[in-house]
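Here's a quick tour for anyone meeting this structure for the first time. Have a look at the picture, then read on.

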2 protein chains.
Amino acid sequence: MAAIEPRPSEDTLTPLLHPSTVAIIGASDNPTRIGGRPQRYMRDAGFGGRIYPVNPHRDTVQGLTAFASIGDLPEPIDIAIIAVPAPAVVETTEACAAAHVKAAVIFSAGFAETGDDGGRHQAALAAVADTTPMRIVGPNCLGVYNSALGFFGTFTSTIEAGRPKPGRVGLVSQSGAYGSHLSLLATRRGIGIRFWVTTGNECDVDVAETIGWLARHPDISVIVAYAEGVRDRDRLFASLALARERGKPVIFQKVGRTEIGADAVRSHTASLAGSDAVYDGVFRQFGVHRARDTEEMLDVAYAATFGTFPASRRVGLMSISGGVGVQMADEAVECGLEVTPMSDAAQARLKALLPFGSPRNPVDITAQAFNDLSLVTANLDVMLEERTYDAIVAFFTFVAAAKAMVDPISETLRAAKQRHPDCLLVLSIVGPPEIVRRYEEVGCPVFEDPARAVRVVEALSRFSEAFARRTPPVGPSPPALAALPAAPIGEHEAKLILAAAGLPMVEEQLCATADEAVAAAGALGFPVALKIASPNILHKTETGGVELDLGTADDVSHAFAAVTGRARLAAPDARIDGVLVSRMVTAGVETILGVQHDPTFGPVVMFGLGGIFVETLKDVSFRVAPFEDDEAHRMMRELTGFPLLEGVRGRQRCDLDAVAAALSALSRFAAAHTGQLESAELNPVVVFEEGRGLLALDALLVPKRP
Amino acid sequence: MAAIEPRPSEDTLTPLLHPSTVAIIGASDNPTRIGGRPQRYMRDAGFGGRIYPVNPHRDTVQGLTAFASIGDLPEPIDIAIIAVPAPAVVETTEACAAAHVKAAVIFSAGFAETGDDGGRHQAALAAVADTTPMRIVGPNCLGVYNSALGFFGTFTSTIEAGRPKPGRVGLVSQSGAYGSHLSLLATRRGIGIRFWVTTGNECDVDVAETIGWLARHPDISVIVAYAEGVRDRDRLFASLALARERGKPVIFQKVGRTEIGADAVRSHTASLAGSDAVYDGVFRQFGVHRARDTEEMLDVAYAATFGTFPASRRVGLMSISGGVGVQMADEAVECGLEVTPMSDAAQARLKALLPFGSPRNPVDITAQAFNDLSLVTANLDVMLEERTYDAIVAFFTFVAAAKAMVDPISETLRAAKQRHPDCLLVLSIVGPPEIVRRYEEVGCPVFEDPARAVRVVEALSRFSEAFARRTPPVGPSPPALAALPAAPIGEHEAKLILAAAGLPMVEEQLCATADEAVAAAGALGFPVALKIASPNILHKTETGGVELDLGTADDVSHAFAAVTGRARLAAPDARIDGVLVSRMVTAGVETILGVQHDPTFGPVVMFGLGGIFVETLKDVSFRVAPFEDDEAHRMMRELTGFPLLEGVRGRQRCDLDAVAAALSALSRFAAAHTGQLESAELNPVVVFEEGRGLLALDALLVPKRP
């Protein structure tokens, strides 16, 4: 896909986050005011660049010479911070662009979030960004920072509660308040936020573009993003694909999961929240971790900064409390990890070391082990030498935080990490920050809660799987196919079109008369089904347009008369093409394949199991079209009802490859008709046992209204 | 139920937790050894009682006069702490009992957890508890404490990491290591643990009995429990029922949720982990909060100490960040709270106060509100005056932790709490502990994470619902019914027995000949179903023993011959009673009602929806028999598939009252046959639309083997 390439223009964000010269327009001498804080924060942090306060009413601002206007500054400006009242913002921004400022950050509120008037002012700002080289962050944002440079182009008071320490995490948040909350929590947990960007109303720079910039930055290895909605699909895709390609995990919190939530998003921002299930699909497709809440987001980001992504889902669990071992095993199994038992030989070795412990996995080393630390080392070695586990979680609680324990245990862990650098070692320890740091320094993420320790292993192993994929998340758009008919498309025609696209359809004949129907039934083989054929009648069953399981020529002849008669009664103006006669299909599992045109993401493909799975449980998965078979296989496996397809309780395994092939074919069809297709649905699609394929029994194509 | 009454003997736990005199057997002069720690901890904590070290090899122990044996002590002893090597434990314990010690705590390991030999030693300890008035905690435990008294009968090193502060929480844990972990985490969060009991191998005192003692203690208002399994059903039920009756929330973590987890439990302890889904049912039935993990357990316990349990699930959400408001709304809806919108009048008032905010609920007061704090007060007042919400969650993050903010905001909250004491106010604030304490002091639980703040509201509202129930969780056992036949029970006989117990069965006739079958069909009305009647053939469908939808006398006659012929072929030794002829039932939703004899809990009733819901999704709920209709209604509502019964997408609402009546009737039947019934299953039970009842089409009764 062409859009996967980063826009060269994205490098224009660099002056924004690595500035040498900063102008503050609306600079205040009062260091607690919004216009005064950036200068104070930068001074306190030892910013090495040059700061130019702009304030026509003062000679100096907080000890620096003030200038009357942006045009008066003695050298080119990388970034202008605009902290003036809303009515003056457009003019000020235009003046910055005229003065060849490279980037502007607009704190001021009162734009698209306030209604039509504000929207018009925001459009004027967008016009500046579109027509000049100057990039704009905001309006209605809390600014940006680069903690390594001491550059704090922000008025967030979170800086006072805890100045961020530089690290390898980049954070971008549409919401300034929430971005500030995250910055503070991350700082308190020792997670180093290097770059921090709040995008606010996004008249120009958005979350998607910032992710791409962070993905390219050599100092960033983990990306955290928060948004209420995304507008530019291609930019988002390009950025996420780039991050995946470079092995940089993206942890994304997108709010609006439920209907009430989505309501509030609409009333809160001008952004359009796409269907939430589609976002789930997009994030999975691009290997992004979608975080449910703040804590999960920071847990995963924190663990990811250690840079070890387990190559498999097999986890070894070690505990000084048998009960906690069980808890961790419960959590591991429920979140999708594999708690593979130790080999018999290894179990025998452990049992010899600790007769009262349990050596299977979870391995219960008992608190006893801390009276003889060589037991901890020996146990860990046995587990690691199995080479079965790509991650080990050890519950040591406060016992490992005792002063006498820290040196020997951290040494044991350091040695283990050296011998097995690809194995993720996660600890559950309760102790003061300085002790926790000691364990972190030997390469082990530390959590107080053992369940949280287990859950991050699953998240990191999912990143590993995503980084290993070789196919693009969303494939290149296939060449456009022949245009769809503009008129309503009947079932028979829809089936012909889809069959041509590679989707297997039940064998059927369109018959204009009863005699034709009888002959068709004879040719197809009894029993047959008979359906009214009309592009104008959508609800065939409800209007008596379907007769099933017709066993004789007489049955077919009667059914023809009945079905066409009822159709004329129910829809006198409908065009009736005759009836469709098809072979009855009974065995197999019913599924639904669909296409929807998503307002944000364009054509998306849906897959679900028939009946209550879709209706009651809403058990469906989505992917953006087009995609390949491997992606379709992952899509299937996300369904709660997947065991039905895989074969449970002695049922036959269904033909999963045929489903994957159908889904990818449908995705190519959808992509080739982008802009022409409102929706498509194949329902039911009956999937037979392995090797026997599938058949769609009904199909609907709804062209997009011009 | 008689067992709901607390055992009077449970007061014998009082000397264990309120001792005046403490003997330490195996007392060590080294204050870091296991036998030395209790004395040191008690001295450091200023324990006011008298401590008697027992050590035949020393004159003094840590400055106190040592005694040679328990028999030499100068006054009666409330509690003896036994810290001697395993081989000496039985003798020492017997000596304590002989010296009229009231309670003993045995630290030593090497009992049932180590295998048969250890099991025999443990049985000897149990015999002491059974035959003397002395109560025993342990063996293989970490002891007990009463933090208000400075009594630390424990060697857990968690005391050194943070001495517990007295509060209104009682904690009992089967696992010593995990109990210690919980004690430390609770202390660090400012949750005051008053009593702490680790029960270890439970040769006498167990988790269930301790819960009951805590429920009766006037200083305890919240109970936290951890167990790997429960052995004494009646004691557990009595304790949980008492806690519920007294309005004391019980938060219980029971490990072994998944199959691998349950495996590890079996290898770890001598306790038998009951089926985990049954535990879910028990906890729901008794209004206990089952915590998934440590963090959830402490979150709920912490919030519960504030003593406000919201009377409804309606929650008001207030946020200084619109995006976080949406997150909270998502979380609230997903966990089952109701995010009811503000009234139009209230919305208008809020809009007038804050034109840029969103007044619907979540209410976005914007960070702006903190420039004019009267806006926070005014918003809160408008929300509270609605009287719609029984809980309000406010996201203020670090903004409310700024020094200038604490006084006015905490004053606002205090005033609000005074006017609306029954409304739970939960805050999401990030700040240093001393600031958090200020908000806690005015009665508001504080969480960093807004999602966690929302989830505790749901947990507390569930307690409120449970406290309001007037029926006992498990009803009194009904009088025993006529004994079940000992021989295998055929379908027809099973149906007659269950019909007599009040369960509606499909109308059917047992017919020995084809002519009888035809006559029966005529009487019942065509079409009919015909099934082989034999107590020895369980899988009727698989052996060709069922013919459905028979429309004519001829069909019935042929089917009789076919069905009986196939049965003789498939099971030549089976006793064949003839065939069952019944009316065909087609409309309705298929469900399954079952009974199982649970090894821990006795007869339990299961409810599920038919087909894949039970098979693939394992979507079932359990309750201990007997129970009443209201409990059955709650049981139904736990199913993921409940919307199918409630009527979705234009489907008819099913007769839920009939399902409830059938479940409670089945529960009474199961209870009246306790000890006689292995299992029962009514499958399918077809539920018709509201007012039209239900019918079981098939039934199976398996008597318990003698």
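Predicted model: local features only at pLDDT ≥ 70, side-chain atom pairs only at ≥ 80, totals over all residues.

## A parallel sheet in chain A

Let's start with a sheet in chain A. It's an open one, with five strands in the order 2-1-5-6-7 and parallel pairing. Strand 2 (50-54) and strand 7 (135-137) of chain A sit at the edges, each pairing on one side only. On average, neighbouring strands here are turned by 20° against each other, direction ignored.

Strand 7 of chain A pairs with strand 6 (residues 103-106) of chain A in the parallel sense, over three bridges. A:A103 has A:R135, in strand 7 of chain A, as its bridge partner. There's a helix on this sheet too: helix 2 (residues 37-45) of chain A packs there and touches strand 1 (21-25), strand 2 and strand 5 (79-82) of chain A. The direction of helix 2 makes about 160° with that of strand 2 of chain A.

## An antiparallel sheet in chain B

Over in chain B, four strands make an open sheet in the order 20-23-21-22, this time with antiparallel pairing. Strand 20 (508-511) and strand 22 (546-550) of chain B each have a single partner strand, so one side of each is left without a neighbour in the sheet. From one strand to the next, the twist averages 20°.

Strand 20 of chain B and strand 23 (residues 578-583) of chain B run antiparallel and are joined by four bridges. B:Q509 has B:V581, in strand 23 of chain B, as its bridge partner. Helix 20 (residues 553-570) of chain B lies across strand 21 (528-533), strand 22 and strand 23 of chain B, at about 25° to strand 21.

## Where the chains meet

## How the copies are related

Rotate chain A by 180°, with 0.1 Å of shift along the axis, and it superposes on chain B with an RMSD of 0.1 Å. That's the relation of a two-fold axis. The same surface serves both copies, with 100% of the contact residues of chain A recurring in chain B.

Terms used:
Residues numbered from 1 in each chain as written. Chains lettered and ligands numbered in written order. Pairing = 2+ DSSP bridges. Helix = DSSP H or I, 4+ residues; strand = E, 2+ residues; numbered from the N terminus. Axes fitted to C-alpha atoms, helices over the stretch in contact; angles between N-to-C directions. Contact = placed C-beta atoms within 7 Å. Least-squares fit on C-alpha atoms with pLDDT ≥ 70 in both.
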